[in-house]
Amino acid sequence: MPATAGRSSERKLFGVIDAEGPLSAGRLLFLVSLGLIIVGLEQAFRWPLQLPGHHGLEALALLVIGRLCCNARWSATTVGLSAAVVAPFLGADHGPLMPLFYVIPALVIDFGYRLWPALRSSLLFLPVLAAVAYSGKPLLRVLANQLFDMQFGSLRAGPVYPILTHLLFGFLGGLAAVMVWRATQGLLKHGR
């Protein structure tokens with residue numbers, strides 16, 4: 001059946017969507033929104049699961065999406081900075097180190113992404129990078145404990161368990177983001 005006048009085919013409609021590209025006002029707003037969503041989800045789901053780092057699932061997934069959607073050098077860092085800025089206003093209370101918990105993983109993702117461009121196409125590169133980035137949170141707590149005698153509940157049983165769980169949740173969040181990103185790219189490319 002021929003297309004009627006004024007209608008676009010589905011393939012043409014999806015071809016207009018550009019999932020990645022340079023930093024624009026719209027992409028900047030999207031990146032800042034991702035930071036807001038990270039903190040919002042963390043505050044909305046404050047279940048005492050006794051699994052340090054379980055918020056890495058959504059936080060690292062959104063950081064990786066931020067990294068992938070914009071080819072600006074500091075796209076993940078923009079997401080992390082926006083999370084650090086809005087966190088106190090949304091009730092997140094992680095003490096004086098709170099801004100670093102959002103910014104350091106984002107910086108690690110941005111630096112790693114730029115440092116190893118040949119690995120970007122690998123399915124596991126960003127998930128591994130996200131795992132390493134997120135493990136910085138308990139490592140920072142261990143350092144603060146040693147240097148300033150700051151106490152953290154997640155370190156009650158020692159640093160090994162929190163580091164391992166942060167690695168796991170960071171990896172899973174990064175993997176989920178890469179898989180969703182690749183599926184979305186496939187849909188946009190094939191017009192379905």
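The model is a predicted one. The protein contains 8 helices and 0 strands, and 42% of its 192 residues count as buried.

**Overall layout**
- Reading from the N terminus, the order of elements is α-α-α-α-α-α-α-α.
- If you look at contacts between residues at least 6 apart in sequence, 74% of them join residues at least 24 apart.

**Helix α3**
- Helix α3 has 14 residues, and its first and last C-alpha atoms lie 19 Å apart, close to the 20 Å expected at 1.5 Å a residue.
- Because 13 of those 14 residues are buried, α3 is largely enclosed by the rest of the structure.

**Helix α8**
- Helix α8 covers residues 160–190, which makes 31 residues.
- From first C-alpha to last, α8 reaches 45 Å, close to the 45 Å expected at 1.5 Å a residue.
- Several residues of α8 are buried, among them P162, T165, H166, F169 and G170.
- Further along α8, the buried residues include G173, G174, L175, A177, V178, W181 and L188.

**S135, between two helices**
- S135 sits in the loop that links α6 (125–134) and α7 (136–148).
- With a relative accessible area of 7%, S135 falls under the 20% cut-off and is therefore buried.
- The S135 side chain comes to 2.7 Å from the backbone oxygen of V132.
- Setting aside neighbours within four places in sequence, S135 is in contact with H166 and L167.

**Surface and the nonpolar patch**
- The protein exposes about 10,900 Å², and carbon and sulfur atoms supply 69% of that area.
- F45, W47, L49, L51 and Y161 together make a nonpolar surface patch of about 500 Å².

Methods
Residues numbered from 1 in each chain as written. Predicted model: local features only at pLDDT ≥ 70, side-chain atom pairs only at ≥ 80, totals over all residues. Heavy atoms only, no water. Helix = DSSP H or I, 4+ residues; strand = E, 2+ residues; numbered from the N terminus. Expected span 1.5 Å × (residues − 1). Buried < 20%, exposed > 50% of the residue type's maximum accessible area, 1.4 Å probe, protein only. Contact = heavy atoms within 4.5 Å. Areas by Shrake-Rupley, 256 points an atom, 1.4 Å probe, with all protein chains shown as cover. Patch = residues over 30% accessible without salt bridge, like charges linked within 9 Å, V, L, I, M, F, W, Y side chains within 5 Å. Salt bridge = Lys/Arg side-chain N within 4 Å of Asp/Glu carboxyl O. Polar contact = N/O pair within 3.5 Å; in protein donor to acceptor, adjacent residues only side chain to side chain.
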